[in-house]
Amino acid sequence: MRNETKYTYTLNGEAIANDHAISDAGTWTLKAVEKDTNKTTTVVFSTYVTLANQLLAEDVTTGSGGEITFANTLSDAENTIWLAPSGLSAFDENDATMSKAAGNCSSMKAPLQAGKYILTVVGHE
């Protein structure tokens, strides 16, 4: 038996599959139409792209202290780019689980301690 979905989907009027990914900022109208009954469910939502999302085109894996090259450069030296464990609100450049770079860098070093890290951009104030 084929595993068919019982819905068709459109996003801003364009047909999409049920695994569609949105990578742009914007306001979106998603419509799901049940094939058997023609019942339509509509959801309107907005997405945004953070500065950190703009730096890497995909997830990156590297060794401790390895070089991470950015897909884009922010061109703002007053921002600070951090790689640190998830959930932190205070950063310390002397902590082995963190690394930092200026906002105009095209790359940065990974933290010295192995682990899974979150890329965060902190703006100047």
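This is a predicted model: local features need pLDDT of at least 70, side-chain atom pairs count only at pLDDT 80 or more; totals for chains, interfaces and linings use all residues.
Hi everyone. Let's start inside: the largest nonpolar core has 12 residues in all, namely Ala52, Leu55, Ile68, Phe70, Leu74, Ile81, Leu83, Ala101, Met108, Ala110, Leu119 and Val121. As general background, nonpolar side chains in soluble globular proteins tend to be buried together.

Let's pick one member of the core, Leu55. Which residues is Leu55 in contact with, leaving aside its neighbours within four places in sequence? They are Phe70, Ala71, Asn72, Leu74, Ile81, Leu119 and Val121.

Now for the aromatic rings. A pair of these is described by the distance of the centres and the angle of the planes. How many aromatic pairs does the count come to? The count is two. One of them joins Tyr7 and Tyr9: the ring centres are 6.3 Å apart and the planes sit at 35 degrees, so this pair is tilted. Tyr7 is partly exposed, at a relative accessible area of 27%, and Tyr9 is also partly exposed, at 21%.

Then we have Trp82 and Phe91. Here the ring centres are 4.9 Å apart with the planes at 15 degrees, and that makes the pair stacked. Are these two residues buried or partly exposed? Trp82 is buried, because its relative accessible area is 8% and buried means under 20%. Phe91, on the other hand, has 26% relative accessibility and counts as partly exposed.

Notes. Residues are numbered from 1 along each chain as its sequence is written. Side-chain values use heavy atoms; hydrogens and water are left out. Rings of Phe, Tyr and Trp (its six-membered ring) pair if their centres lie within 6.5 Å; planes under 30 degrees apart count as stacked, over 60 as edge-to-face and the rest as tilted. Buried means under 20% relative accessible area, exposed over 50%, partly exposed in between (1.4 Å probe, protein chains only). A nonpolar core is a set of buried Ala, Val, Leu, Ile, Met, Phe, Trp, Tyr and Cys residues joined through side-chain atoms within 4.5 Å. Contact means heavy atoms within 4.5 Å.
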